[in-house]
Amino acid sequence: MSGQKSPFTPLDDIRRHGARLVKKFALETQRKDEARFLKSWLDKPLMTGAVSPSGKALAKMMARYVDPQTPGPVVELGPGTGPVTEALIARGVDEKRLILVEFNPDFCRLLRKRFPRATVIEGDAYALEMTLADLDEPVAAIVSSLPLFTRPERQRRALLDAGFRMMRAGSPFIQFTYAAVSPIPLKGKNAGRRDFDAKVSPRVWLNLPPACVWVYRKNQG
Ligand SMILES: C[S@@+](CC[C@H](N)C(=O)[O-])C[C@H]1O[C@@H](n2cnc3c(N)ncnc32)[C@H](O)[C@@H]1O
């Protein structure tokens, strides 16, 4: 075979080497995020609500319910290390429009580095209207990864209602869950008035653990 010309040019070699480096860097970043998440879960299991960040497939499933054309800020509750934030940007939401509400100060520092044009608020998402008191325009969508089942049903419903008051009519409140039922009660004494529509995505089996995405929209009129 000697003397045969290689089909690859030096530029191809550089590209392949570059691609390997990008893959290695992405894997290292993913491992570091997993370690950060595990530490957060060990410190505050109920607050963190998961032992590792959401996978790409689940993040994409959440982002697909956001229409980037709807004007106004997009609020993310519990962004953690930012997998859903990345998916929102990939979906076409300008980073500048993102308001990230996160309780964990270490995650907030990381988010500020990773998404320098987004607004990162270190605060309590359950006190939504107080935490976002400075907002002066209707929100286009709320995307939540909060571990809702660690809170009483009444508080979950109150969060949804606060979200509806801040959003444009018909805009989505998007919530993922590992559970088989809606994290916002749909029946029973804590469900309140069913003045909203609730739809669930197919289960995302590629996530660990598998999860699905609920989308709640306030009924018009
Ligand atoms: C299940 S993790 C999801 C993180 C990330 N979005 C993901 O999908 O990998 C829940 C996140 O919500 C945050 N969180 C929990 N309670 C919160 C609260 N009351 N206000 C703001 N963030 C909260 C946790 O610190 C954690 O980052």
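In the predicted model, the shell around the ligand is made up, by class, of 13 nonpolar, seven polar and two charged residues. Of these 22 residues around the ligand, the ones that come nearest are Ser 54, Gly 78, Gly 80, Ala 125 and Ser 145. Two or more residues are given to this shell by each of the elements α2 (45-48), α4 (83-90) and β2 (98-102).

The strands are arranged in an open sheet of seven, in the order β3-β2-β1-β4-β5-β7-β6, and their pairing is mixed. At the edges lie β3 (119-122) and β6 (196-200), each of which pairs on one side only, and from one strand to the next the twist averages 20°. Strands of a sheet pair through backbone hydrogen bonds, in either a parallel or an antiparallel sense. Within this sheet, β1 (residues 74-77) is joined to β2 in the parallel sense over four bridges, and Val 74 has Leu 98, in β2, as its bridge partner.

The buried residues of α3 are Leu 58, Ala 59, Met 61, Met 62 and Ala 63, and what covers them includes α4, β4 (141-144), β5 (173-177) and β7 (212-218).

Strand β5 is largely enclosed by the rest of the structure, because five of its five residues are buried. Both of its faces are covered, with Phe 173, Gln 175 and Thr 177 buried on one side and Ile 174 and Phe 176 buried on the other.

The largest nonpolar core holds 46 residues, of which Met 62, Val 74, Leu 88, Leu 98, Ala 141, Ile 142 and Val 143 touch the most other members. Helix α3 (residues 56-63) gives the most to this core, contributing five residues. When neighbours within four places in sequence are left aside, Ile 142 is in contact with Val 75, Leu 77, Gly 163, Met 167, Phe 173 and Ile 174; two of these contacts, Phe 173 and Ile 174, are among the buried residues of β5.

Terms used: Residues numbered from 1 in each chain as written. Predicted model: local features only at pLDDT ≥ 70, side-chain atom pairs only at ≥ 80, totals over all residues. Near = placed C-beta within 6 Å. Nonpolar A, V, L, I, M, F, W, Y, C, P; charged D, E, K, R; others polar. Core = buried A, V, L, I, M, F, W, Y, C linked by C-beta atoms within 7 Å. Buried ≥ 20, exposed ≤ 12 C-beta atoms within 10 Å, placed from the backbone. Contact = placed C-beta atoms within 7 Å. Pairing = 2+ DSSP bridges. Axes fitted to C-alpha atoms, helices over the stretch in contact; angles between N-to-C directions.
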